[in-house]
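Dear colleague,

Please find the structure below, handed over for your reference.

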Amino acid sequence: MKISIIGTGYVGLITGVCFAELGNNVICIDINEEKVNKINSGEPTIYERGLEEIFKKNLERIKASLNFNEILNTDITFICVSTPENPDGSINLDYIKSASESVGKVLKEKGYHLVVVKSTVVPETTEKVVIPILEKFSEKNVGEDFGVCMNPEFLKEGSAIKDFMEPDRIVIGEFDKKSGDMLFNLYKDFKCPILRTDLKTAEMIKYASNAFLSMKISFINEMGNICKKLGINIYKVAEGMGYDERIGHKFLRAGPGFGGSCFKKDVNALIKKAESLGYEPKILKSVLEVNERQPLKMIELLKKYLQNLKNKKIGVLGLSFKPETDDIRESPAIKIVKKLLEEEAIVNAYDPKAMNNFKKLFPNINYFSSAQDCIENSEAVLIVTDWDEFKDLDYSDKIVIDGRYIISKEKAKIYEGICW
Ligand code: UGA
């Protein structure tokens, strides 16, 4: 099939490249000239494990353009623009609206075409925002002249290619059967369950999934905080819980809280949506509250040993929100470093990939070229991200606050686990 992708950010590029790998011709449309040029010169615009390889393999089938008229040569358009947060936590649909307008204008000149919303949008957005804009600018009718689907993404940074190619499930929210059949046809060779729903159910599946995963983390962190007071290791507790098939082992790793560009933003957007409907979502609010406090537990533990942090050299190992990425958005390390600086500590930091990004936020802390150097120059060390390389370092004469359960207590002079 011929596919256009609107927005060449993380989701757009992965989606485009993976559809090309499956034999489709893909045109990536973006308003950012630099991104378009980069793609056309054969380079991906983002880093993701395995992406460059399949991108280069499929160069013949991937092109980029600034021109929305390219949609005219395609059968399906995926809207993959970002949906950031407004200052009050609600979803900002500006990019969705302008993308819908640009697509609508092109549809005016086109025969039947399928528009698929892949961006994460709160329930009712496709129906109440996207479709009316498409109809207005195309001067055509949904269902008759064009079709609409909502097809959420479930990609994790670091394993996004695999998540796309071997998904747990595919969700097709459809305006009508004709739209759904067309998208189903694109996914027909996938071996996973394909769930067909209406538009707002598909939108809600994405939010409920991210909210549930965030809740699992805040739940295990809360259990972990109780365990810590009782001298119990939460990792043993989680193991014991996980054998119950209804609970499962995954996503029960206690630590300094979740980061990343999605969980907090999506839970906040769902809270705002619920409130706009007159419902107060208590669990969702607690999920964020627990997560807000969690990184600072590491500093509370540190203060058991260093009551006053002023002028104390504190090493922070791991700045990205999870390993194998340079992404620091909402990383627990940000809250930790902020607090250390408030307490006038001297902050030493190391991360294998994320230091350049972190320097933009904190230009004046000390960055080290190796984790061991960072440790040697610090009195105490906080392990914030679970990078593998932090497992086998020499911590023998240091105070270590381990946020990720990655070293054994014998390795440090003084050892405290955040929840164990
Ligand atoms: C998350 C979801 O996992 C994806 O399914 C979803 O598609 C994506 O958001 C999105 O909405 O786009 P991602 O943000 O890449 O993916 O990262 P995760 O692997 O889910 O990790 C998020 C955070 O939770 C990390 O800071 C991680 O350290 C933390 N985490 C995860 C824990 O603290 N404990 C766990 O047991 C698992």
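Which atoms of Phe321 lie 2.8 Å from an oxygen atom of the ligand? They are a backbone N or O atom of Phe321. The model is predicted, so to speak of its limits: local features need pLDDT of at least 70, side-chain atom pairs count only at pLDDT 80 or more, and totals for chains, interfaces and linings use all residues. An N or O atom in the side chain of Lys206 is 2.7 Å from a ligand oxygen atom, and a backbone N or O atom of Leu155 lies 2.9 Å from an oxygen atom of the ligand. Taken alone, the ligand exposes 720 Å², of which the protein buries 93% (accessible areas by the Shrake-Rupley method with a 1.4 Å probe).

Around the ligand there are 19 residues, counted as near if one of their heavy atoms lies within 4 Å. Glu157, Lys206, Asn210, Arg253 and Phe321 come nearest. By class, this shell has 9 nonpolar, 2 polar and 8 charged residues; Gly counts as polar, and Asp, Glu, Lys and Arg as charged. Helix 8, a DSSP run of at least four residues, gives the largest share of the shell, 3 residues. Domain 1 (2-206) and domain 2 (229-420) each contribute at least three residues, with bounds from an automatic or database domain assignment.

As for the cysteines, the count comes to 0 disulfides, a disulfide being a pair of cysteine sulfur atoms within 2.5 Å. For Cys192, the nearest cysteine sulfur, that of Cys18, is 13 Å away. Cys192 is buried, at 14% relative accessible area (buried means under 20%, exposed over 50%, partly exposed in between; 1.4 Å probe, protein chains only).

With kind regards

Technical notes. Residues are numbered from 1 along each chain as its sequence is written. Side-chain values use heavy atoms; hydrogens and water are left out. A polar contact is a pair of N or O atoms within 3.5 Å; within protein, one must be able to donate a hydrogen and the other to accept it, and residues adjacent in sequence count only if both atoms are side-chain atoms. Helices (H or I, at least four residues) and strands (E, at least two) are DSSP runs, numbered from the N terminus.
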